[in-house]
Each structure stands twice: as structure tokens, then as C-alpha cells.
Amino acid sequence: MTTTRREFVAQLGAAALVGGSLARPTPALDPHAVPGSPAPWYRRTLRWGQTNITEIDPERYDIAWWRQYWTRTAIQGVIVNAGGIVAYYPSRYPLQYRAARLGDRDLFGDLARAAREQGLTVVARMDSNRVHEPVFREHPDWIAVDADGAPYRSGDLYVTCINGPYYRSFLPDVMREIIERARPDGFTDNSWSGLDRNSVCYCENCQRGFRDTTGRELPRRRDWEDVGFRRWIEWSYARRLQLWDENNAVTRAAGGADCIWVGMNGGGIAGQARSFRDYRAICARTPIVLLDHQTRSNAEGFQHNAFTGKLIHGMLGWDKLIPESMPMYQIGTPMFRLATKPPAEARAWMLAGFAGGIQPWWHHVSAYHEDRRMYRTAEPMMRWHRENERYLVDRTPVASVGLVWSQRSVDFYGRDAGEELTELPLRGWMHALVRARIPHVPIHVDQIGEIGAGISVLVLPNLGALADAQVAAIRRFVERGGALIATGQTSLFDEWGDARSDFALADLFGASRAESTTPARTASERLRSTAAAQTYLRLTPELRAGVDGPHVVSEPRATGTRHPVLAGFAQTDILAYGGSLEPLRVAAGASVLATFIPAFPAFPPETAWMREPRTEIPGLVVNEQGGRRVAFMPADLDRRYAIDNLPDHGDLLANLVRWAAGDSIPLRVEGPGLLDVELYRQSDRLVLHVVNLTGAGSWRAPMEEIIPVGPVDVRLRDPARKPSRMVRWRVGGRTERAVAHDGWLRFTLPVVREHELALIE
Ligand SMILES: [Zn+2]
């Protein structure tokens, strides 16, 4: 049965604003726990600490001082270096290199005992992907080799092959030894997934394994058109999942059912793809994600931390934990391991993480520091977290907009330009929606079929590679009344990245390809071609004849009205663009709201006039036939926004979502500044994070000072439609009653300093 959009929105009712079935009922922290028995460590350890030990620390590790630091910072678990590249205990295996100053000391064991005495969870940290030269001399078959048979090196160390005996038998023996000696609660591994996608290992184990699985020889060159190379990509992914399972089998057999192995994972999808880490498949086989996403880049901003938390929870479940390594030292470019990170920078990253359901984990490198300011940063944040911990876990997002992502599209559409083709468009949407304070959640493309009625809009940010089944799931979403926004080359390629003859969603878009040539996939080619030139989009209808300014006779008459997605642009007929577009055929009934103005010179200024002021090439098409709301924006303004940060682009993206969402957006926040607002439901309670990202240095890391903003006016739709609610501010400390008008609760925050957490009860 087909549901019209109007009925669909009505069905949303009040209570269904939550992110559909992705947002499951709120369980207790451990729904599987036997009454009276504590939840396993991976369900109860909310705050973490890690002192990444250097080789000279065994002689100078002041455990007594660190114990009181553990207490002061209210942590519940520690991550302690055990073995791998460097062992911090006297291993019975001579090939496991001991820390230079270890001698016969069991530093790992000492730290594990100290942590146990304080009731902390102990996770043993491995770093498995490199070894010292004696290992290579004795076991060359443990080392990855290139096409010429030369070992892969990393500085003085040798890179181990994940298909060789080092991973299959030596590391399991080491982990069993660690369990036997110290019985850690679980294991992690810093760089567990071996060589990345840019390097093929041609060792005998890899050759044999690939041949046995695929009947082929290993690919000799990187060629995405080559079937063998594609099979190598898939085979490499599968081996990492197998390794995950094998490591868990080892640690659980030796250490008990809860002694799980959890390799670290990153915050960027392109990075996960480069490392052959299938994020969704990993989330399906682990009860916790240990997140190695330590800092913002200027391009991503602090908001990327909340976004990453939501992205992982979307796969892992909102009742699970995602502790994240948060350095107290200056990380990034430049890296200063022993110097304090500016506190405002560290705090903003932590707070954005809290807002995305991430748990804090302070991280120091070395057990001794002369810059002692770094010991002051985490403490107040960790204590605040402890006081508010029950509001920061086990909640589900209240959002009506889903940003769809696909790791497979990053691989097979993005190929060697995954970040540019796939991550930038997604990031542009994130920035635009954070800036517009529109609640949104990332949704994995294979979960579209699972989302409930709470999600009323799906955004497909240049989702180039889509399998037929994924296309069908998107279609079903639209058929039952959902709105769709797609950009760039969405659906123009299949799951292998092979070009289709037309967009698979052309009928929904109301636009199809006009040329029979094979489409170019690389944005970089397009960017290069326009790097020295300027392109624009022409908005329709043109209104300038009615706007104050110089007039000429050739000006079109100002007739008609603009579509709501062009709201706010009444005084301009053009928008800066910066990309290029190809002709499309637009279906009868679909509306073209913007057309392409091809490049013309920017230098010298005398030449900066439009050579071809008007084309029929569409930049933005909306298709409202049959009561649907579908927008297709061939112009890659999402990618452009991520790169250029032009407010017009952000405004247009937000306008598209507001139009598509109708009245389903549950939150309106007004006031100055850059705020990341995240809204959750926790049983009957609503939890609202307002993270203030307005600061001196928000334009360029590091943040030096966060500038308080306010007043901030909040209106939110109460799913329970109560006549009034109590609002408690967990930072400002006030309590007030908010009265509902037409189902909307309204209250005002006089000031937001670093952040605010409002409980609406
Ligand atoms: Zn190999």
C-alpha cells in the first residue's frame, strides 16, 4: 500500500520523531546482565585513561602518582601497553622485543595490579604490525614483501604480514602468555589491520591464500577496472574480519567469555576503507568500539566528533559504548607529544564527543612530563562526565534527517579519490546541518530498509556506487512517503563502480543523462579544469529587474515566484559555484531551479565577464510529481561547501532539507554563534546538548578561547506533547518550567559558555 507524504508525516505523530528503528528502545546499561552480577567491562567502563609507555619509562614510572591521577580524573578503566612492537613484561618469547630499559621488570603486570586494586578495568594494548630486525632475520616469512620480494619497512622496523605465522600463531601465543600472567579484562591493538590498500603483499602466504580463495594470482598493479584487483580488495577486507574473529577466539578461550579483543578503529570512512576495515561488519561482531579519532582537522571541525559518534552508534547500537582516545598533548600538525594541547582545543573536542555519545579517554604519551599543564585539562571534564553519566549513555537520537553513507561507494566509486569524491560531500552536509542546527543522523546505506517512520528525509551525498538492492531500498523509502535529496553522480555507478547508462534513480530525480559517453568520475579532474576559472549557477526565475541596481534593456522581466529552496536569495540571480556540469534531460513536470554558467576568466579583472551567460544545463532539479519531494542537485555544492565554506552553499543545502522535511524537524535553535546541537530521547526524558564552537581559533586549530554566546532560544517538539516540562540545565545549574504551545516547548539559555546539557523532564 502506498502512503502519501502527507499521511506519512501525519503518521509520524509526536512520538515517532526518534530516528526510527535505528533508535531501539532504551535498555539498561547491560540488558543481558544477570541480576546481581556486574555488567561486563565493555558495558560499564565509561571513562578511560591511557599512558602510552615509552621505552625509558620502566625506570621512572611513578605508579603512585598515576594512581592518584586515575582517582582524580574519575576513570574506570586503563589501557596499558603489553606487547607487540615493544613488550613491557619479561616475555618467555625471545623474539618479542623488550623495552630498552625494561630489564626483568614486569611493568605491565605492576600497572595491571595497581589498576585492579583501584577497581579499574584493564585492557592490554598490543601494537602488532611491525617488528625489529632479529625477527625478520629468523622468520622472513612473517614479513610482508613487495612485488620485487623486498620486505616492507617502516623506519628501522619490518612490517608483518597478517596472512603469515606472526599473526596466525606467534601473536596468539603472546596474547595467551599475557592472559596467563596478568589476566587483563580484554585486549586492544593499535594498528591491527596490516598493510593498507596502497600496498600489496606478495609473500608466499598471501599468494597461496589468494589463489586458494579466488583461483587467481595476486594483482601486479593497481587497476580498479581489473577483476583481479577488485577481488583482492574484497579478499583483503574478508581477511581483516577473519582476523578479528580469530583474535577473539584466542583471547576468549584463554581469558573467558568477556576477555574480548577489540582492534582500534578510526573516525573517517575513507581511512577505514584504506585499512580494509569494514565498519558495519566490525560493529556487527563487537560489543564496544575503541575509537582512535584523536583530533579535528581544520576541514572537519570539532563537529566531526559528534558526527562520528552518531555514525558508529547507528551501526553498533545506542546502548553500546564508544570510548575515544583524547590526547592531552599537541597532536596533529605539528605533533608535540610532550607539550600540552591548548585546553580549549582539548575540551571542545571532548564536549563534541559527549554530544555524539562518545565516552572520554584521556591519553598521554610517556609516563613523565615536564609540561605539567597537561595534567589539569582532563580532570574537570571527567568529573563533569561522572556527575552526568546517566544522561550521556543509553539514549537515542531525535532527528528526522538521515545522511546516507556507503563504505563500498568510498571504495568502488571513490577508488583512489575516495575522500574527494565521497567524504567531502558527506562532510559538506554535516557542516551545513550543524550550522543550521538541524538534527540529523548518518545512516549506512544497507540500513535504509530498517529505518522507521522517524526519518522523513534521506540525503544521498554523491553516493556514486549503488547496488540494485540499495536502489530498491531507496525507492521503497520514497514510495512510502519519504523525501529524497541526492547530489552529484548519485546512483550513476553500480556496486563495482562501473558506470551505468543512466542514473539508477533517474525517474525519481526527474533528470537523466543526455550524453551517451562514459561519465568521468573524478572530481579532481573537474576541479583542475576549473581551478583557474569561475563558474556560477543561475537561479530561476530571475528577479534582478525588480531589485535595486543598474538595469539594462536585455534584462529578463521579473515574473513568477521562486521555489522555497531558494529562500533568502531574492536579491541575487546567481550563486558562486566552482564545479562543472554536463547536460541532462529533464522530465516533464520536474522543475529546474538553477542552471549552469560555464567558466570564464577571473584574471585580469578586465576579462571577468560571462562569455556564455545562460545555458540549459541544470544545476538543481526538484521533482514533486505524485506528491513526492525529491531534489536532485547535479551541482556538487555539498563538496564545494566542504572545501570553500561559502555561506550561500551552506544556506542552500539547509534550505533543501527544510523543504524536504516539511514540518518534521523537531528542533529550532536561534541565537548567535556556531553551535552543535544534538537532541536525544531517554525513555520519557529529552536530552539536549548545545556545544559552543564559537571561538578564537575555530577557523584554524588549535582553539585558544571559546567565546560565550547567548541568549540562545530553543524550541523543540515534545514527543509526549505534555502541556509543560521541567528543564534542568546541567552546566548553568538552573531549573525552569517550559510551557508548550502547539506542541512546541520553548525556553531560553541566557548564555552558553563551553556547552550546556538541558534535561527536559
Ligand atoms: Zn603476505
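Start with helix 21 of this predicted model: His649, Gly650, Leu652, Leu653, Ala654, Asn655, Leu656, Val657, Trp659, Ala660 and Ala661 are its buried residues. That makes eleven buried out of 15, so the rest of the structure largely encloses helix 21. The geometry checks out too: helix 21 covers residues 647-661, and at 1.5 Å a residue it should span 21 Å, which agrees with the 21 Å between its end C-alpha atoms.

Seven strands line up in the order 8-7-3-2-1-12-9, giving an open sheet with parallel pairing. Which strands stand at the edges? They are strand 8 (261-263) and strand 9 (323-327); each has a single partner strand, so one side of each lacks a neighbour in the sheet. From one strand to the next, the twist averages 30°.

At the strand 8 end, strand 7 (residues 186-189) runs parallel to strand 8 and is joined to it by three bridges. Phe187, for instance, has Trp261 of strand 8 as its bridge partner.

| Helix | Lies across | Angle |
|---|---|---|
| Helix 3 (residues 63-72) | strand 1 (48-52), strand 2 (77-84), strand 12 (359-365) | about 155° to strand 12 |
| Helix 12 (residues 343-355) | strand 9, strand 12 | about 170° to strand 9 |

Methods. Residues numbered from 1 in each chain as written. Predicted model: local features only at pLDDT ≥ 70, side-chain atom pairs only at ≥ 80, totals over all residues. Heavy atoms only, no water. Helix = DSSP H or I, 4+ residues; strand = E, 2+ residues; numbered from the N terminus. Expected span 1.5 Å × (residues − 1). Buried < 20%, exposed > 50% of the residue type's maximum accessible area, 1.4 Å probe, protein only. Pairing = 2+ DSSP bridges. Axes fitted to C-alpha atoms, helices over the stretch in contact; angles between N-to-C directions. Contact = heavy atoms within 4.5 Å.
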